[in-house]
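Hi,

Here is the structure I promised to pass on. Have a look at it first, and then read my notes below.

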Amino acid sequence: MPDRFDLPAGFRWGVSTAAYQIEGAVTEDGRGPSIWDTFTARPGTVRDGHTGAVACDHYHRYPEDIELMRGLGLDGYRFSIAWPRIQPTGTGPANPAGLAFYDRLVDALLDAGITPLPTLFHWDLPQALEDTGGWLNRDTAHRFADYTTLVADRLGDRVPAWITLNEPFVHMAYGYAFGIHAPGRALMLDALPTAHHQLLAHGLAAALLAERGLDVLIANNLTPVRPASPSPADLAATTAYDALHNRLFTDPLLLGHYPDLSAYGITDDLAGTVHPGDLDLIAATPLTGLGVNYYNPTHIAAPTDPGLPFTLVDIPDAPRTAFDWPIVPEGLPELLHTLHTRYGPALPPITITENGCSTTDPLDDQSRITYLSTHLDALATATTQGIDIRGYYTWSLLDNFEWAEGYHQPFGLVHVDFETQKRTPKASYTWYRDLIAVHRARWSKEGSVTFP
Ligand code: GBH
């Protein structure tokens, strides 16, 4: 069986974070409010009333955090840019202090030999844009294009590859359909236009990035979808869920059209939303790479509630993370094989842009080491079966603000004491550092290094 040391030569090792989850400093240097500042201020939205106001104070402590990254020997760092730092109200000229922060961050990363991989939107929309409808408003896509121009013109000389959006499905579902994330709207299927407007934003931004000679990725949270039983009703429900979760956000990019949601019993609210030419625009700029955030598979059964054509059910017998998410490493190659079969030559090279788990063991996090090593071994089987996978960015460098769970779900290779801001590398940090070193040495010396 291939294992993680068989991942290909040149495979890129990284870690991922996101602005609102680590930066803090939410009122500093002219940053405007984001929908997460508004949402976290509302009682009952986030566990224990936690907010990202201070988070890991990365805005001030980024040099220390980059030292931690240098210690890992990383190739790349995936972080996100806070739109409300660049345009405090989501429109108009750039806030110089906001651009200057990411300028310093990028230069410090390059000095440490780490390639910056920014995500332009990781859920922290400027509140002023939410006030005019957020992603329900088509205009937000055009505002995103303007924001992209400001950032790409400033950093594009040093940042080769860009991720437009993080997990547009989760932003639609959690933010606009169920209301458990910002902006806290519970529109159920009326949230569907936010899918199209995010993809339109991607298409507009992708063209601007490509014009500047920059590589373009998107980070989709994809899941292998499995029927709870082989019954025709469960199979039909599985196809419907797959269309909504996976294909809705990937088919338009790679095939140039949406799945026919109405064929699966999903009220198709996209009809009035998609303008002529939109799909051409969304697919016009080929993705340099597809970012895949993988956490777990999803089991689906026939609907029990008339509103939706499927029900999500538990995966029987799977071990669970501290977050109670099922641990299924073989779901990762399963997902990649589905993508390979579904999209064929239209599938660009893949980068795993997130994968990881929350744990309850603060420093000796053996459960994280097991999670990461089994997923990386599973990933290696897919690379040896002809799937082009270029890199792996684990979620996350630091324990951080885990959205609706506040600081209760630690995902970091590095422990953060949120009273003192002291960073302490966990056992998984040392493990990841050694893995990167051994994998690199193996390929530079052609197999002369072995690992116990
Ligand atoms: C990502 O979202 C985000 O990009 C990141 O900001 C976040 O911190 C990180 O992951 C960890 O949450 O119901 O048991 O099947 C992940 C979105 C949504 C992943 C729900 C897994 C299903 C678990 N996820 N999910 S389960």
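Rings of Phe, Tyr and Trp (its six-membered ring) pair up if their centres lie within 6.5 Å; planes under 30 degrees apart are called stacked, over 60 edge-to-face, and the rest tilted. Searching the whole structure this way turns up 31 aromatic pairs. Take Phe401 and Trp403: their ring centres are 6.3 Å apart and their planes meet at 75°, so this pair is edge-to-face.

Before going on, note that this is a predicted model: local features need pLDDT of at least 70, side-chain atom pairs count only at pLDDT 80 or more, and totals for chains, interfaces and linings use all residues. Residues are numbered from 1 along each chain as its sequence is written, and side-chain values use heavy atoms, with hydrogens and water left out.

Back to that pair. Phe401 has 0% relative accessibility, so it counts as buried (under 20% relative accessible area; exposed is over 50%, partly exposed in between, with a 1.4 Å probe and protein chains only). Trp403 is buried too, at 4%. Both belong to a cluster linked by ring pairs, together with Tyr20, Trp36, Phe39, Trp123, Tyr407 and Phe418.

One more ring to find: Arg442 sits over the face of Trp443, 4.8 Å from the ring centre (the rule asks for NZ of Lys or CZ of Arg within 6 Å of the centre and within 35 degrees of the ring normal).

Cheers
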